[in-house]
Amino acid sequence: MRAFVQNLKRYYSFFTGGFVMFVLALAVAEYMGMPERWIGWTFMAATVLLYASIGILTRTADVVEYYVAGRRVPAIFNGMATGADWMSAASFIGMAGTLYQKGYDGLAFIMGWTGGYVLVALLLAPYLRKFGEFTIPDFIGARYGGHAARSLAVVGTILASFTYVTAQIYGVGIITSRFLDINFETGVFVGLGGILVCSFLGGMRAVTWTQVAQYIILIIAYLMPVVFMSYKVTSVPIPQLVYGSVLEKVTERENEIMADPAQITAREDYRARAKEIDAQIRDIEYRLKPVPAPAAELDRLRKERAEDFDKAQPITHHAEPFPGQTAPERNAARLNFLALTFCLMVGTAALPHVLIRYYTTPSVKQARESVFWSLLFISLLYFTAPAYAVFAKYEIYTNLIGSSISELPNWVHSWAKLGLVKVEDINHDGILQLAELTLNPDVIVLATPEIAGLPYVVAGLVAAGGLAAALSTADGLLLTIANALSHDIYYKIINQNASATRRLTVAKGLLLLVALIAAYVASMKPDTILSMVAWAFSIAGACFFPALVLGIFWKRATQQGAVAGMVIGLGLTLYYLIGVKYFGMAKWFDISDVSAGIFGIPAGFISIILVSLVTPAPDRATQNMVENVRYPSLKGRGS
Amino acid sequence: MHVPDTRREYWRKNLWLTGSLLVVWFVVTFCIAWFARDLAAFTFLGFPVPFYMGAQGALFVYVLIIWIYARRMNRLDEEYDVAEEER
């Protein structure tokens, strides 16, 4: 084992060194005149080729290797793999932008997506490792018995993971199409190839070792631009340490902008236009003005009205918690912040693709340590994201806002061409006001290399990092869905006598099928699917968290209790989020639909407890199993 | 199944440790966020305190909680003779 770890450390150190050399070589090539298009292609081709070779080298025909990487992934490497598994295209590209737009209120994502690991470490990982099977439905099935609980868990796995994987493949399509200059649909299927080369031949084993490499690439790519940016603005290259002082400057600048009368006229112009659109909408609604396609026209107008209305809102400070005009508004913002943080945390601790990573460590001891490494590696990115947002805000507020629209910097024009930045001189004064600038959240990470004046090679690196983030998460999710189907449905329920070869054939067939369906759905660019990703956390939290935690910590929890808890928790969550989002249901306590788990999770706990208490206690064998899961070893080494 | 007393003690200690660390987790996350508007007047390293906690402080505490838990539990396994075979 020790020699194995030493070798791994050597391989990945060589790999990291090699990757840095590769980036430097490309930088030199760029300096010598290599065209940008070639740099993009070289980055994509080299990284995908690398993942493919790891995938081929680690191919396997062994069930334990395929499902849980042979259970010999050392804590620190499992930590890196979990980091890549966890950080998606949205974390890598979108989060800094969300923080830019929401300021303090966006920190719910930072705390939610890291604090969840405390729950994983303390309540789940060591016990699941001791249980030591293959999937999350496996634990539910073994703990509670019967096919009903297991099947419900499979349904929960698919509900939580499928929209998520679709969004990753969509992200791959966006990145490849933008940097390789190919169309989006081709990009999706190129990306699908990149995903399948890792998971198809080697299952969890190949995915694990590819994810370690992907983590290294994505973290280098994420840190590089903002380190340069920090050096440019403060001459200290440690952005996380110095952005407090930059934040102070941003606050000063915000005060100046708030006091500027031109900003107010720009906002009033937007409010006036929102009212005009309002009148047009009423005309169409009451059929006063005939239009050829009223439904589509209304959709478009409503969207424009919402945008203009948003722009008419007063400016708020980046660091101000829960901004709002009135006390009830501020209280609702606070309640939503807390609810969202809670749902993201519990959801993190219940997402099957994260939890199964802790089946792959050699021991309970290493599973505990592995969660520590996971969170450390994840935090490296998450505590850099708010720095990205603050540096970008500083740059935009000082160098863009208040300057002449005819003399905007180049990066604004190049991203405006792609539709990610929009500038509109609504009050016709030739000067850019804050309300007149529209930024797509993705632009913050994507444009930082240009804003900091870095060569194109860094933009290529960022694209490669985003691709690594999307591919690694997609791999983990695909494997989770396919394994729940092949192991829990096919092997455990349909055909318990299946041979190892047959099980693997079924597993690989299902993997291919799920991947193709997800790619097909992603290629249609469905807006609804993308907005549903945030739901995955509430869904997973409400479906799994109560049943898993009570299954470990309360021997009295019964099969009927678990089934009731999963049905009621999941049912209530789905009822609330679909009701609020699509059927105009009134919100309960002003909680938004993404935080539906705030109702579903406690409902799940309460139902399990109440139903368990009125049904007969679990049998001796089940109680022994729970006892067994609680102790790393019952044999003892001393005796 | 008869559970030996020492093993019960191990489990009790585990629950106690888990519970206390969860209290820290809860305070750092939810209590600070609840009072964020009141704490915003104080600054730390140039950051308003709630912003610092949300963006960095809480993350440090989370990592620390998990580190303490892993270290303490791994020792407890040895003490109560429930540690696994070294592989």
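**Group meeting: chain A and its contact with chain B**

Okay, let's start where the two chains meet: the contact takes 49 residues from chain A and 42 residues from chain B. Being in contact here means that the C-beta atoms of two residues, placed from the backbone, lie within 7 Å. On chain A's side, the elements giving two or more residues are α6 (107–131), α10 (239–259), α13 (327–348), α15 (364–382) and α25 (620–630). The biggest giver is α15(A), with ten residues. By type, that side of chain A splits into 27 nonpolar, 13 polar and nine charged residues. Nonpolar is Ala, Val, Leu, Ile, Met, Phe, Trp, Tyr, Cys and Pro, charged is Asp, Glu, Lys and Arg, and polar is the others, Gly among them.

Quick housekeeping. This is a predicted model, so local features need pLDDT of at least 70 and side-chain atom pairs count only at pLDDT 80 or more, while totals for chains, interfaces and linings use all residues. Residues are numbered from 1 along each chain as its sequence is written, and chains are lettered from A and ligands numbered from 1 in the order in which they are written.

Now chain A as a whole. Chain A has 25 helices and two strands; those are DSSP runs numbered from the N terminus, helices being H or I with at least four residues and strands E with at least two. Its C-alpha atoms fill a box of roughly 80 × 65 × 50 Å along the principal axes. Buried residues are 53% of the 639 in chain A. Buried means 20 or more other C-beta atoms within 10 Å of the residue's own, exposed means 12 or fewer, and partly exposed is in between, with C-beta atoms placed from the backbone.

Let's zoom in on one helix, α11 of chain A, residues 261–285. Its 25 residues reach 36 Å from first C-alpha to last, close to the 36 Å expected at 1.5 Å a residue; that expected span is 1.5 Å times one less than the number of residues. Among the buried residues of α11(A) are A:Arg267, A:Asp269 and A:Tyr270. The cover over α11(A)'s buried residues includes α10 and α12 (294–311) of chain A.

Last topic: phi. Most residues other than glycine have a negative phi. Just after α11(A), though, A:Arg287 takes a positive phi of about 55 degrees. A:Phe322 has a phi near 50 degrees, and sits in the loop between α12 and α13 of chain A. Is A:Phe322 buried or exposed? Buried, with 21 other C-beta atoms within 10 Å.
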